[in-house]
Structures are given as C-alpha cells and as structure tokens.
Amino acid sequence: MKSAVENGGLVKISAFVFASVALFYFGKQWSDEDRRLLFFNYGQFAANFTSQTPLVAVSPNHGKPFNVTALIMDDIYQTATVVPNEDVVAAVSPDMASPPLLRSPSSPPPVDSDNISSPHQPPPPSPAPPLVERFGIVDENGTMSDEFGVGDFDPEIVEILRNVSQDVEGRIDDGGTWVGVVPFPQCPTSMTDYIPCLDAADAVKLKSTTRDQRHCPEKGKGLSCLIPRSKGYKRPIPWPKSRDEVWYSNVPHTRLVEDKWGQNWISVAKNKFRSPGGGTQFSHGADQYIDQISKMVPDIAFGQRTRVVLDVGCGIASFGAYLMSRNVLTLSVAPKDVHGNQIQFALERGVPAMVAAFATHRLIYPSQAFDLIHCSRCTVDWTRDDGILLLELNRMLRAGGYFVWAAQPVYKHKVNLEEQWKEMVDLTTRLCWELVKKEGYIAIWRKPLDNICYLSRQKGTGPPLCDTNDDPDNVWYVDVKACISRLPENGSGASVIYWPWRLNNPPDRLETINIDAYISRKELYKAESRYGDEIVGSFSKVMRWKKLKFRNVMDMRAGFGGIAAALINQKSDCWVMNVVPVSGPNTLPVIYDRGLIGVMHDWCEPFDTYPRTYDFLHASGLFSVEQSRCDIGGIMLEMDRILRPGGFAYIHDSVTVIYRLQELGNAMGWHVKLRDTSEGPHASYKLLVCEKRLKQKG
C-alpha cells in the first residue's frame, strides 16, 4: 500500500517536471519568434476595476514599453474565431471577470473610424508597435509624475499647419518650399474713404426709399486690395484734446465747413479742424443744451439713470462728445448723406459713431437698448407711413426711457409745421408715450413701463401690437414693422439699476439669452468677466497701452461685453464697440443692460464705418467660427480697412488658423508677432499681436 502511494507521488512529481519543461520550451519558442508573453494587470484596461493585491509575477519584460491594447486586439482577432469558446490567453486572475475589451466572434469588432473597410470585417492585424519614448505628466499607471519630457520641436508640424491655407492664398515654389501669401496691392486713391456696402456702385440701384440701405458687393467681388490712407496722414490727436480738434490731413473734407459755417459745427484753423461744440439747434454749445434738458426733466439723471443714448442724425457728434464727461455713452448715427463724412469726423474725434439710417430695415441694435434717444433736426419724417419709423425707434427705446426731439415743428408757428406737430402728438399718444415737457424748441416724451396702456386702448386703435411670435431682438436684415413691439411681461429691460452698478451685475435679460450651456448663464457671465480682466491685463504687458492712448476700440466677438467692462473697471480712457456676430448667440440685450454699446454684424460682410476709424481690434475665437462660413482673408482685409495706421489688432485663436492669419498679416504689411498664451507653448490656442504700420510702404 505504501509502495503504491510512493509510486503515485513519483508520478505526480514526474508530471510536474514534464509540464515545467514543456512550458519553458513553448515560452522560448514564442520569444524567438518575437511573440512575447505579456503579464499585465487588468486595472490598466478597466477604469472601474481596482485591486490592492498584485495578480501576477514580474515578467522578464518588466520595464519595456508595449502597446498592450494593440497586442491584445491582435490576439483576439487571430484566435477568437478558431477557438470561439475559449478565453484569450493572458495571465489574469481566474476570479476576474472577462475584460470588456474582449469580444466573441459573434459580436462585431470595434470600428476604426479612420480606416473603415466593412462594418462586419475585422481590420488586418496591427504590426508590432515601435519603441517610443513617453511624454506627458501622467505615467503608465495613470498617476501624476514629476519627471516628464516635453519632446523636441518638430518643424514639420508647423509646416503642415501653414499649408492649411495654401489652397487659397499661399504658394509653394519649384523646390517645394512654402513662400507664404503674396502681398496685397494698393487700391486706387479714389477709394480712400470707401465703405463697401454703401459705395458698391454696381450693387446700388437705389430708389428714394432705399438709398441709405446696405447693398454689399456680390460674393467674390469684395475688397481685394488695401485701402490707401489720405495724404499726410498723422497719428490721431489723443482724447480728450481730440474732442475739440483733429488733423486736417486725416479727414481732408471741407463740405461740412462750407454747408454748416453758420451753425457753429466746425471750422478750419491752419492744419486742423476745430469743433467748438455747437450744433444746428444748440449753437451756444452742447453743454448748455444738455443742462437745459436736465432742468426740464430732472428724472433723466444723466450718468445715473440715463447711461446709454442714441443720437439720430448726429452731425459730428458734439452732443455725444460732451455727454462723455457726464458718464454717458452715446452712439451717434447718421447716413452717408450729401454733407459727407459726418461719422468719419465723429470717429476721428474719438466719439462712438456708426453709419446708419432709418429706412426699410431695422437698425442693428436690440430692443430696449437706449435709455434716451435724441433727435435734433435729424430730418427723419417720424409720422410717415403710419409712423413706421417712430415704431422702430420705439422698439429700441427702453421701457420708461425718454425721447428728446428738438425740431422746428416744436416751436415754429407755420401752418405746415403746426400740422406736423399735431401729427406727432397724435401718433405718440396712440403709442402711449407721455409728453412730459415742452419748452422752447425741445419736446420730451416718456415710453410706458409695461403693456397695460397698449391693451387698454380702444378696439381698432393703431398701430397694433406686434404678434407674440415677433422677436424684437431679431435685427439682421429684418424689415421694419408697422406695429408696437411688446414689452416683456416680467418687466425685464425696464428694471436695470443705475450706473455704475449695472456694469458688473448680471441683468435680468441674461436669463433670456438663447445659448447652449452646461452651466448657468450667471456662471458663464462671471467666467467671461474673469477672462476679460485677464485679457485686458495682458494688453498692458504686451503693448504700450497707456502710452499709445487707444481711444476707439472694437471687440469683434464680444460675448457679454467682458472686455469692455474690464477696460472701464481698469479706468482706461477709451470706449468699445461690442460686435455680436450673427453666427453666435444674440447677447446684445445683456451688453446694453450693462450700460455698454454694441451692434449685430455678419463678418462675412463689411462693417458700416469709414476706413481708419478704430485704434484697436480684439478678436477672440472669431476666425475659428467664421472660417466655415466665409474667407477669413476677407475679414483680415476688412480689419485693415477700419484699423487706423499705428493701430493694433490682438487676435486669440486656434493654432490651426493662427499661422494663416500671420501670413495674411505679413501680406498686408502689418508687423506681426506670434505669442503663446498663458497655457504655454503647446496649447491649442495662440496670440497674434499685429501693428498696422503708421508709415505706408511703397
């Protein structure tokens, strides 16, 4: 019996030795054929699996890097169809569930989106991966490491990024070397003051009712050259001195001096234009005129209750220029009329202004934008066509806001003028406006705070209320409508707090913005405010902001107006035109409720301003958004058109487009410098700081 037991033990020992030799032999054979047995921890593949105890012994391959996933998938596709019911060979604990990466032949294999041949056929086996060095701050176990490499500079990557634009603007020489964008030519001198959508002769076939509307050049016929500057152009006189005088060589047009010589608008003195601060209805000066309005209606409270003003038919914007000292931001608008260059004079003075006219389309400002709207002899026939133009003004006037009208029908006693006054009183009464004060040549009305008056009018009283589905903030190429824009039932827009507290407090209308967001709008608002503070802080570091004394600033993709707010908080002596592109959410109501100004615009079209009217352009992420809609080279040419010589453009955008913008900037004769963001040299975004040279080449 004992012998049998001893014999049985001998058999077991012999079997163990034989199995060990066999395993060693097969392992060696596998190694000789570059098929290496890998021992691994399942926690590398299943993110939700945790184990505190080692599952395997240390392999002879310890410390050698392998693309484990590729090798596993290679084995799966080669073995799963042969032995469909067996597990894939791996040194995994028998108590462990099957890894989710392992599939049976009946299940479709993972699809490689970059190499799809058939949704049901597995891809060919992957070749053995090359031995590569690991870069990054996370090691192979998924933990943070203090020792890491950043890799070497690869010039081929830069070359690839540059070649993104070669199909449009760039070229490659015979040797295959990228030589960049061909320099843009100069436009004829006749285009010195060219505004594309208002001066497109081929497109403008105007009738009297549409003579002031936009008629942009057709696609492919836009600007393809650099607008020349006027002869003897100089760096603009800085604010506040520019309020009273500008260089004659910068705006060499005397038509306004000739036409308005008796109205105290403007005069010529040697090499300068001088603006004494008068106007058609306030020849004794804008300050005295503003004081008169304040005394008539103290509740207007310039600089507190009244912060944002629209001046219609502004002349050279003396009304807005003198309101600046009272913490009032005035957007002055006027058509490009027979006098010519009113808006160009206003912008040269450093006053917010834009070419615009009441005609057949809505003005590109939101509803309830302005605390006060002013018209001094603005030549707009407010009562024509059942008051359709006054209804457009009513749309933009804030609930409880004021309309100031200084015109001959207010005070002159001629039959035709008295008839105009009666028509105006009748129309404003049906609009539920209250005539608050009439004194001398000034009449002041106030808009109601809600819809109660509108709803209580007698049946059939016109104009009617607009349909409930009409969006009063929809303004891009939208026709004016002969109806009264409804006020929000929740009172938003009328409940803005006084200046300056309204600048940094999220307004009620923030919650009405149609925007996709994973966090609350107030959190987005706060985040953008922090971003604005950071960007404006970088201006001071990167550029000689205070020394250059930038005055006219444009944020080309303004969001909630964070850049403009940051500049005010840091007491920069400038104003900002906040542009909200049509390709994104309409945030204009928030911008105006904060006490700022802005405009809706499509950057696939030119902007309605004269050349050389902005000192500084800021564009964050604009080109990444617009490149799928239009040629970003056209946007850069438009930036060159509106940027003053000596001015700067500060562009923050993705690496995939920034190199093309750099080439375009060089082609336009700008001095461009590429900089890293605060995220470092390997971030996906970079900064392009561009200076439009004061002295023109050639």
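User: Hi! Of the contacts in the chain with a separation of 6 or more, what share comes from residues 24 or more positions apart?
Analyst: Hello! In this predicted model, such residues account for 68% of those contacts.

User: And how many helices and strands are there in the chain?
Analyst: The chain has 19 helices and 19 strands. It runs to 698 residues, and 47% of them count as buried.

User: Let's pick a helix. How many residues does α11 have, and how far does it reach?
Analyst: Helix α11 covers residues 415-430, which is 16 residues. From its first C-alpha to its last it reaches 23 Å, close to the 22 Å expected at 1.5 Å a residue.

User: Which residues of α11 are buried?
Analyst: Leu417, Trp421, Met424, Leu427 and Thr428 are buried in α11. They sit on the same side of the helix, because they cover an arc of only 135° around its axis.

User: Why would residues three or four places apart point the same way?
Analyst: An α-helix has 3.6 residues a turn, so residues with that spacing point the same way.

User: Which residues are exposed on the other side of α11?
Analyst: Those are Val415, Lys422 and Thr429.

User: What do the buried residues of α11 pack against?
Analyst: Their partners are α9 (384-396), β10 (397-406), α10 (408-411), β11 (434-439) and β12 (442-446).

User: What about the phi of Cys432, positive or negative?
Analyst: Cys432, which follows α11, has a positive phi, near 65°.

User: Switching topic: at what angle do the axes of α13 and α15 cross?
Analyst: The axes of α13 (residues 521-542) and α15 (residues 562-569) cross at roughly 60° and come within 8 Å. That angle makes α13 oblique to α15.

User: Is the crossing left-handed or right-handed?
Analyst: α13 passes α15 in a right-handed crossing.

User: Nice. Which residues make the contact?
Analyst: On α13 they are Glu528, Gly532, Asp533, Ile535 and Val536. Gly562, Ile563, Ala566 and Leu567 contribute from α15.

User: One last spot, Lys673. Where does it lie?
Analyst: Lys673 lies in strand β18, which spans residues 671-676.

User: Which residues is Lys673 in contact with, leaving aside neighbours within four places in sequence?
Analyst: Lys673 is in contact with Leu687, Leu688 and Val689.

User: And what separates the C-alpha atoms of Lys673 and Glu691?
Analyst: Those C-alpha atoms are separated by 8.8 Å, with Lys673 and Glu691 lying 18 residues apart along the chain.

How values were computed:
Residues numbered from 1 in each chain as written. Predicted model: local features only at pLDDT ≥ 70, side-chain atom pairs only at ≥ 80, totals over all residues. Heavy atoms only, no water. Helix = DSSP H or I, 4+ residues; strand = E, 2+ residues; numbered from the N terminus. Expected span 1.5 Å × (residues − 1). Buried < 20%, exposed > 50% of the residue type's maximum accessible area, 1.4 Å probe, protein only. Arc of directions from axis to C-beta. Contact = heavy atoms within 4.5 Å. Axes fitted to C-alpha atoms, helices over the stretch in contact; angles between N-to-C directions. Parallel < 35°, antiparallel > 145°, perpendicular 65-115°, else oblique. Left-handed = near helix turned anticlockwise from the far one by under 90°.
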